[in-house]
Amino acid sequence: MSPVPVENTTPQIDIGSLSLGDTDSQRTPHADKPTCPFPHELKTELDSCPLNVNPSTQEISPTLLRTSLPDRINYLKDFILFRHTDEEILHKVAPLVNDLIPKVVDELYAKLFEFDVTKVIFLQRNEGFDGPLPTKLEDLTLDSPQLIYRKIFMKSWARRVLTSDYSDPAGKTWSYMDKVGIMHTGVKAFRHREGVKPLVVPYRDCALSLGWVQTVLQTAILKLDEGELSMEEKIGAVSAVSKVIWIQNDLFARHYIEE
Ligand code: HEM
């Protein structure tokens, strides 16, 4: 019996016709020349795109990334290109948006009160707060004394983000930001929280809050008068805020995913 003919549906490619020297044949596609995604940096610290500055590959130890905060900070800063110019523009913007910080914090808490899963966390007693505390979710309001007390810490974090000295990878700033991440995972990080019940906030809500703060801060910067901050400075400031928030995000995330 002769074999049943099988239709060959696989497209046949003539490899010979793919010769790169042949202008009529198909060519391996080449990406366009890469363009620098950091145009504002061109006019500041460097004459060329920062991506071209050091084409060599850095050796990074995954173990040190986990065990040494300064090593991790160096890696984060190099990866996201957080430079001295970013710190400078944050410091320049700080007094211009300082008066908005209480509003940013108020709005963040209003946001966290929109959902039971985030609101319920504020029923716990804060470290150092011995005032009255409601026991039912519906009794907890944004002007509860404990909430007013909590907002002070959040305002202080926001101000530190805009005014800190970021130069030393082993310095206090990064250590503070790392402890802020740790303390939300149920592990005690700050000495002043030693006697208090561990705080456990899902990473999801920390990340969303960071995203929320980033949007509000960047919008405030973009709305500043051209006389207060030039367009070029606004671009630099928006970029610097994004970098520092993403670094803070890593300093939360790494304690949740143990990476
Ligand atoms: C943008 C993200 C967040 C940042 C930067 C942040 C920052 C902070 C800081 C700086 C403190 C005080 C640390 C200290 O004791 O010195 C704190 C405490 C606290 N955070 Fe967050 N937080 C964030 C997200 C959240 C979320 C999403 C929740 C809950 C839904 C939350 C709930 C709390 C509570 C209840 C405390 C008080 C702990 C206490 O004093 O007993 N945080 N947070």
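**Exercise 1. Contacts along the chain**

Task: State what share of the contacts in the chain between residues at least 6 apart in sequence join residues at least 24 apart.

Solution. Step 1: two residues are in contact if their C-beta atoms, placed from the backbone, lie within 7 Å. Step 2: among contacts in the chain between residues at least 6 apart in sequence, 60% link residues at least 24 apart. Step 3: this is a predicted model, in which local features need pLDDT of at least 70 and side-chain atom pairs count only at pLDDT 80 or more, whereas totals for chains, interfaces and linings use all residues. Residues are numbered from 1 along each chain as its sequence is written.

**Exercise 2. Secondary structure and burial**

Task: Determine how many helices and strands the chain has, and what percentage of its residues is buried.

Solution. Step 1: helices (H or I, at least four residues) and strands (E, at least two) are DSSP runs, numbered from the N terminus. Step 2: the chain has 10 helices and zero strands, and its pattern along the sequence reads α-α-α-α-α-α-α-α-α-α. Step 3: a residue is buried if 20 or more other C-beta atoms lie within 10 Å of its own, exposed if 12 or fewer, and partly exposed in between, with C-beta atoms placed from the backbone. Step 4: of the 259 residues in the chain, 17% are buried.

**Exercise 3. Helix 5 against helix 7**

Task: Describe how helix 5 and helix 7 cross, and which residues meet there.

Solution. Step 1: axes are lines fitted to C-alpha atoms, for helices over the stretch in contact, and angles run from 0 to 180 degrees between N-to-C directions. Step 2: the axes of helix 5 (residues 101–112) and helix 7 (residues 145–163) come within 9 Å, crossing at roughly 125 degrees. Step 3: angles under 35 degrees count as roughly parallel, over 145 as roughly antiparallel, 65 to 115 as roughly perpendicular and the rest as oblique. Helix 5 and helix 7 are therefore oblique to each other. Step 4: the crossing of helix 5 past helix 7 is right-handed (a crossing is left-handed if the near helix is turned anticlockwise from the far one by less than a right angle, and right-handed if clockwise). Step 5: helix 5 contributes Ile101, Pro102, Val104, Val105, Leu108 and Tyr109, which meet Leu147, Lys151, Met154, Lys155, Ala158 and Arg159 in helix 7. Step 6: by class, this contact of helix 5 with helix 7 has nine nonpolar, no polar and three charged residues (Ala, Val, Leu, Ile, Met, Phe, Trp, Tyr, Cys and Pro count as nonpolar, Asp, Glu, Lys and Arg as charged, and the others, Gly among them, as polar).

**Exercise 4. Helix 4 against helix 10**

Task: Classify the crossing of helix 4 and helix 10, and give the class make-up of their contact.

Solution. Step 1: the axes of helix 4 and helix 10 come within 9 Å and cross at roughly 105 degrees. Step 2: helix 4 and helix 10 are therefore roughly perpendicular to each other. Step 3: Thr85, Asp86, Ile89, Leu90, Lys92 and Val93 of helix 4 make the contact with Glu233, Gly236, Ala237, Ala240, Lys243 and Val244 of helix 10. Step 4: the contact of helix 4 with helix 10 has six nonpolar, two polar and four charged residues.

**Exercise 5. Helix 10 and the residue after it**

Solution. Step 3: Glu258 lies in the segment after helix 10. Step 4: most residues other than glycine have a negative phi. Glu258, a residue other than glycine, has a positive phi near 45 degrees.

**Exercise 6. Residues of helix 8**

Task: Locate Thr173 and Lys179, and list what each touches.

Solution. Step 1: Thr173 is in helix 8 (residues 172–183), and Lys179 lies in helix 8. Step 2: Thr173 is partly exposed, because it has 19 C-beta neighbours inside 10 Å. Step 3: not counting residues up to four places away in sequence, Thr173 touches Ser164, Asp165 and Tyr166. Step 4: Lys179 is partly exposed, with 19 other C-beta atoms within 10 Å. Step 5: with residues up to four places away in sequence not counted, Lys179 touches Ala189 and Phe190. Lys179 and Ala189 are 10 residues apart in sequence and 5.3 Å apart in space, C-alpha to C-alpha.
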